Amino acid sequence: MVGPGDRVVIPEPAYSLYADLVVLAGGTVDFVPLGRDLHWDLDALAAALPGASMMIFSNPSNPTGIVHREPELKALGELLDGSDTLVVSDEAYHRLVYPGHALTSALAVESLRDRTVYVQTFSKTYAMTGWRVGYLTGPREVVDAAAQVHRTLNGSVNTAVQHAALAALDLPDSVMDAMVDTYRQRRELVIAHLSDIPGLHLVPPEGAFYGFLRYDNDRPSEEVARELAERKVLVRAGAEYGPSGEGHIRISFAAAEDDLRTGLARIVGHLDVTRS
């Protein structure tokens, strides 16, 4: 669906593989910075979308943990009215949404439904990361094109994973509810540890299991991530996620609480040293 000369709009910071795949297909990436609250800057999108072949986003977002709200999605539908722009909505973290926030799928927004490719995976909801089983739905011509690429490059999903996926679909919702509650507790721990620290800024995650932490110095995020790795704390450099990601690091709280406390203390200590 993307080839040479096609322009793809990606609100960023965004999952880094989106831009990589556009470039591999020969397209051009048009990064659109998010607002200060890490939600979409609708004015910036309005300026970027005309003539775009595609827009790609995740909801809830990796790396920001933001849940894009129903009014944002409806506004996107209005901006795209009358165009042929395809929307790719990666909703991998759809079950990981925290109290006070509600996820609206792009498929539930009438103005987006017919132009949306909905992408889903078993990786997050069912803790099957690396098993490579997922699915998409969307316009017939897009699904047919994806199927052709998939069977040519990937082959079929292996038998063991197919059985695991069937077992996952038979699980009661209460299993996922318990997992989400555990992530909620870890989210609150992260917020508590990073609040009210001079020079550090965290927009509270609304979904997924990431915190996108901004720090108040001009150290490159790749350098900060490398130095933290030397202190045995693994984070991702914000620059991986687009130009606006510089000056940030992405923290995952898919870890035990004791490990989180240790890691957060080392992050705060390191950034306090580099700040001084």
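## Pockets of the predicted model

Helix H1 (16-24), strands E3 (54-58), E4 (86-90), E5 (116-121) and E6 (134-137), and helix H5 (140-153) each contribute at least two residues to the lining of the largest pocket. Helices (H or I, at least four residues) and strands (E, at least two) are DSSP runs numbered from the N terminus. The model is predicted, so local features need pLDDT of at least 70 and side-chain atom pairs count only at pLDDT 80 or more, while totals for chains, interfaces and linings use all residues. Residues are numbered from 1 along each chain as its sequence is written, and side-chain values use heavy atoms, without hydrogens and water.

A pocket is an open set of points on a 1 Å grid over the protein atoms alone where a 1.4 Å probe fits, with protein on both sides within 12 Å along at least five of seven lines; lining residues have an atom within 4 Å of a point. The largest pocket has a volume of about 2200 Å³. Of its 49 lining residues, Leu21, Val119, Leu136, His150 and Asn154 are closest to the centre. H5 provides the largest share of this lining, eight residues.

The second largest pocket has a volume of about 310 Å³. Its lining has 16 residues, of which Val233, Leu234, Val235, Ser252 and Ala255 lie closest to the centre. Strand E10 (248-252) and helix H9 (257-275) each supply at least two lining residues, and H9 gives the most, seven.

| Pocket | Lining by class |
|---|---|
| Largest pocket | 30 nonpolar, 13 polar, six charged residues |
| Second largest pocket | eight nonpolar, three polar, five charged residues |

Notes: Points joined across faces, edges and corners; volume = space filled by probe spheres on them. Nonpolar A, V, L, I, M, F, W, Y, C, P; charged D, E, K, R; others polar.
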